[in-house]
Amino acid sequence: LLRAEGQDVLFLSPLRHRADAALRLTLPPAAHGPHIEKLMKGQPRFTATSRDYRQEPVLSYTASIGGTPWHLIAQQGEEEVYARQRAATRVALVSGGLGLLALYGLAGLQWRLYTQQRRLAALSTAVARKTADQQLGELASSVKAVLWEIDPVSGAITFIGGAHTTLSGYPREYWSTQDAWLNIVAPEDRPRIRAGLQRAIGGQPVVLEYRMTRADGRIIWIEDTFELTVNSEGGTRLRGLAHDITARKEAEISLALSHERYAELVERIPVGVYTLRHHAANGALQFEYLSDRMSEITGLDRTAAMADANVAFAEALDEDRPHLLAATQQAFLSGQPFADEGRFRVGGSVRWLRLRSSPTQLPGGDTLWNGVVADITESKAIEAALRKEIETRRARERDLSRLGRLYAALSQ
């Protein structure tokens, strides 16, 4: 078993006359004769006389293993192959009277030799395929994945290797047919898998995520990648690679639940919540998040604001906008928390809004401003009423004071 290694050939298995050759012996293709060079150029299989790695004359059968970078060479010394033939020839020459019989014997020997060569080639191909499958299975096991192969016509699982027992809890004997696989897939995911298999048979590579019930009853998530392949004999097979993504899916589900809880909490509080990105490269502003309450309080159209953050500043009253922009710019330059309040047009009315945000510096230089917006219109109205009441009382107190002084002056 060998494969190309740069411009050379690397032997992957022990050799008859050199047991330590596996992954150590490297020779140029020319050292084996033209048949190796033809093999490396893509000629799939042929039989030829050549010289082996010892430069001894041999009869070689050469074949490429479909779907892999590996090639198989089965060789036997010419001396061994033709020993019986040469012996028969010597007997025929000595026994001139038995020439016709020797001819028949030689023909029979040639036929047996041809038959043995065919058997040797078939056996070598089968051994090479088994070796390749075993090595691929060991590789899959090392990365905790499963390699599988299904006959798309019969639905039989023709190969499964890797961590199939560790992943599923089921022994090798269980994995006999496509139905055995689907039986342990979550019922709601089976239609997607059947549809994916049909797409793969049609020539499309497929990637699916689905749930599987292990032998111990635990449900795990699987990511499966598969496609239709053609082997060296022209037959088609569905080949796939599956691995456990349960930890990732649980993290995604947990994150989604956290987002849902956060969104629910945000909508319960009486303030609007936003996240604004300040791009360091060009100073541009971009909303990355706007709560529903934020849109309600400010009257902003979410789609428009997410597309252009400047629409939020455009709704500030002309007399308040310069102060708002100056406070914003100062916060960007200083990196300190931002706080300001002003009047904004919301619908058909004017509302007082209070804005607060804190910066988070990002590795690339951008800054995220996480903030809240509160409608303080009622508070402002109460403050104005209180100020007016205080001023009225103070005016009355001044009037009483003046009257008191006047009364005192008249009394004298």
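**Figure 1. The open sheet of strands S13, S12, S16, S15 and S14 in the predicted model**. Five strands, in the order S13-S12-S16-S15-S14, make up an open sheet with antiparallel pairing. The edge positions are taken by strand S13 (285-290) and strand S14 (338-346); each has a single partner strand, so one side of each is left without a neighbour in the sheet. From one strand to the next, the twist averages 30°.

**Figure 2. Pairing of S14 with S15 and the helices on the sheet**. S14 and strand S15 (residues 349-361) run antiparallel and are joined by nine bridges. Within this view, Phe-338 is placed opposite Ser-357 of S15.

**Figure 3. The hairpin of strands S9 and S10**. Eight bridges connect S9 with S10, and the two strands run antiparallel. Strand S9 (residues 206-213) presents a covered face consisting of Val-206, Leu-208, Tyr-210 and Met-212. Its uncovered face consists of Val-207, Glu-209, Arg-211 and Thr-213. Arg-211 stands opposite Trp-221 of S10. Five residues lie between the strands of the hairpin, and Gly-217 adopts a positive phi near 90°.

**Figure 4. The aromatic cluster containing Trp-148 and Phe-226**. Seven aromatic pairs are present in the structure. In the pair of Trp-148 and Phe-226, the ring centres are 5.5 Å apart and the planes stand at 50°; the pair is therefore tilted, since this angle falls between the limits of 30 degrees for stacked and 60 for edge-to-face rings. Trp-148 belongs to strand S7 (residues 145-150) and Phe-226 to strand S10 (residues 219-230), so the pair ties together parts that are 78 residues apart in sequence. Trp-148 and Phe-226 are both buried. Together with Trp-181 and Tyr-210, they form one aromatic cluster; Tyr-210 is also part of the covered face of S9.

**Figure 5. Lysine residues over tryptophan rings**. Lys-249 has its charged end over the ring of Trp-221, 4.6 Å from the ring centre. This Trp-221 is the residue of S10 that has Arg-211 opposite.

Note on methods:
Residues are numbered from 1 along each chain as its sequence is written. This is a predicted model: local features need pLDDT of at least 70, side-chain atom pairs count only at pLDDT 80 or more; totals for chains, interfaces and linings use all residues. Side-chain values use heavy atoms; hydrogens and water are left out. Rings of Phe, Tyr and Trp (its six-membered ring) pair if their centres lie within 6.5 Å; planes under 30 degrees apart count as stacked, over 60 as edge-to-face and the rest as tilted. Helices (H or I, at least four residues) and strands (E, at least two) are DSSP runs, numbered from the N terminus. Buried means under 20% relative accessible area, exposed over 50%, partly exposed in between (1.4 Å probe, protein chains only). A charge sits over a ring if NZ of Lys or CZ of Arg is within 6 Å of the ring centre and within 35 degrees of the ring normal. Two strands pair if DSSP finds at least two bridges between them. Axes are lines fitted to C-alpha atoms, for helices over the stretch in contact, and angles run from 0 to 180 degrees between N-to-C directions. Contact means heavy atoms within 4.5 Å.
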